[in-house]
Amino acid sequence: MISLLTKFRPSLPPVAVLVEYPSILALRVAKPGRDLQALVRHEEAMTDVVDALGSSGGHKMADALLTRLGRPKRICLVLGDSFFRMQIMTLTDFPRREEERSQIILWHLRKTLNVPVESLRLRYEILQKTAGSATLWLTLCQEDALAAVEKSFSEAGCEVGYVGASSAELHNFALASGLLPEEGPALLLNRTPSYLSFLFTEGGQPVFFRCKETAPDELGEGRIEQELRLTLAYHREKLGFGKLRKILLRHHPDSLRLPLEGVVEEDVPVETLGASSTGAAGAQPWGGAWLPLVALMEGD
Amino acid sequence: MKRLSVNLATAPFVNRVAPVVAISAILGAALLLTLFNLTSFVLLGTEYRTARNVLKEQGQRLDALKKDMAEKEKILQSGSVTSLSEEAKFVARLLETKRFSWTRFLADVENIKPYGVMFQAVTPSVTPEGAVALNLRGQANPRSEMLKLEQNLFSSALFREVQLSSEQRQPGNPLTDFSITCIYLPEASDAP
């Protein structure tokens with residue numbers, strides 16, 4: 001019964017929290033959907049969110065956050081990409097039974113991951129399925145770490161029923177806003193002080209994802225530029241995709257910049273997400289930092 | 001183009017609208033049917049009780065009739081009823097005999113009897129069909145008087161099936177003995 005109900009799009013609560021270095025962003029809206037009307041926008045600095053939430057002080061931190069949000073009973077949680085491992089996997093002979101599917105996916109992951117796969121929480125989504133193969137979007141995270149975060153909120157009397165990744169929400173936002181080209185390759189760049197994510201799409205569908213962790217002040221602008229060049233070259237030459245038709249860029253915080261000049265061709269349009277997204281009429285712009293939460297709340 | 005909807009929560013939110021709508025529809029239908037049943041029960045209950053009482057009374061009456069019929073059969077199968085039946089038949093025959101009126105018969109015979117005919121015996125009997133059969137025995141002088149009597153009987157509507165049974169004349173005696181049988185219909189009209 002539960003598995004059947006998960007086929008439908010869930011009815012999300014109007015409260016969501018984005019835990020993404022260097023800040024925690026919490027949003028409460030009047031009602032999820034188009035033209036969001038924010039009731040509470042709370043932002044506070046964070047040093048190491050996962051450790052804080054997972055430790056004994058996590059309960060207090062979650063409790064204080066929930067108090068600012070009006071003590072909701074249910075919330076959605078969006079975490080930074082570095083908390084997860086996301087990748088696209090193509091499998092032949094995709095089985096029907098769920099158990100067999102998980103076993104095959106884990107068998108493939110064992111070959112590439114250097115951590116025990118039994119300690120991971122795995123979720124997947126079928127991007128494309130043909131008679132002979134299936135292309136999956138995999139998302140993994142450390143079971144203990146996520147369980148500790150969920151426990152912190154549950155001890156504060158709140159149920160976490162949605163946990164998503166920042167770039168996945170940005171992709172949904174770009175899709176819903178019609179920002180991704182319907183044909184040809186495009187790139188969604190998600191830049192925060194702690195990581196740089198690349199989500200390449202082809203006709204709007206993800207084809208390659210990479211998340212490069214960048215500890216604050218560790219990578220200089222030159223190193224970032226090098227990562228950009230390498231990843232773009234991999235996409236073009238190894239994966240065989242053509243010239244990018246569009247680059248979507250999200251900064252968090254908004255002051256963070258990416259050295260794209262000289263890395264991509266000049267005729268490739270670069271659009272910064274969140275610059276013009278305002279939600280309800282007359283409201284102030286959300287800005288790039290809030291976009292994952294806005295994408296989640298707006299839905300389709 | 002498909003959105004990414006991977007959810008890593010331990011207990012993911014589910015869409016409660018679909019099951020709530022389904023359960024509400026089922027409960028609503030059950031409630032409506034229950035109300036319909038209750039209304040039907042209340043409205044039809046009186047009629048049901050009346051019909052049940054009628055059936056009960058009819059059943060009791062049927063039982064009484066069956067009991068009475070059994071008793072009657074028992075009486076009919078006893079010997080007294082057989083003798084009673086025979087007696088009833090005898091009385092019926094007697095009554096049929098009693099229907100014969102001699103006064104009227106003699107008045108009718110007077111109309112058809114010629115002067116030279118003398119009746120010695122008139123014997124009536126009732127046939128199984130209920131008609132009165134007559135046997136007329138007498139003497140005629142001369143013989144033509146007997147023929148005249150026969151002719152009168154033929155022409156009268158009160159007599160049918162006239163038949164001369166016997167005719168005898170002794171030598172040296174002018175009297176002719178005869179015997180005539182016929183059916184007498186006292187109710188018939190003698191008008192021409």
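Predicted model: local features only at pLDDT ≥ 70, side-chain atom pairs only at ≥ 80, totals over all residues.
**Stop 1: the whole model**

Start with everything displayed. The model scores ipTM 0.84 and pTM 0.64. Now colour chain B by confidence: its mean pLDDT is 87, and 93% of its residues reach 70 or more. Within chain B, look for strand S4 (residues 176-184), where confidence is highest at a mean of 93. Then find helix H2 (residues 79-98) of chain B, where confidence is lowest, at a mean of 71.

**Stop 2: where the chains meet**

Show both chains and look at the contact between them. Here 19 residues of chain B are in contact with 31 residues of chain A. What classes of residue does chain B bring to the side that touches chain A? There are 12 nonpolar, 4 polar and 3 charged residues.

**Stop 3: a sheet in chain A**

Next, select residues 84-92, 120-129 and 133-142 of chain A, which are strands S5, S6 and S7. These 3 strands form an open sheet in the order S5-S7-S6, with antiparallel pairing. Which strands lie at the edges? They are S5(A) and S6(A), each pairing on one side only. On average, neighbouring strands of this sheet are turned by 25° against each other, direction ignored.

Zoom in on S6(A) and S7(A), whose antiparallel pairing runs over 9 bridges. To see one pair of facing residues, pick Ile126(A), which stands opposite Leu136(A) in S7(A).

**Stop 4: helices on the sheet**

**Stop 5: two helices packed together**

Finally, select residues 166-177 and 291-298 of chain A, helices H6 and H8. Their axes are 8 Å apart and they pack at an angle of about 60°, which means that H6(A) is oblique to H8(A). The crossing of H6(A) past H8(A) is left-handed.

Show side chains to explore the contact: Leu170(A) and Phe173(A) are among the residues from H6(A), and Val294(A) and Leu296(A) are among those from H8(A). By class, the residues of this contact divide into 8 nonpolar, 2 polar and 2 charged.

Note on methods. Residues numbered from 1 in each chain as written. Chains lettered and ligands numbered in written order. Pairing = 2+ DSSP bridges. Helix = DSSP H or I, 4+ residues; strand = E, 2+ residues; numbered from the N terminus. Axes fitted to C-alpha atoms, helices over the stretch in contact; angles between N-to-C directions. Contact = placed C-beta atoms within 7 Å. Nonpolar A, V, L, I, M, F, W, Y, C, P; charged D, E, K, R; others polar. pLDDT = per-residue confidence, 0-100. Parallel < 35°, antiparallel > 145°, perpendicular 65-115°, else oblique. Left-handed = near helix turned anticlockwise from the far one by under 90°.
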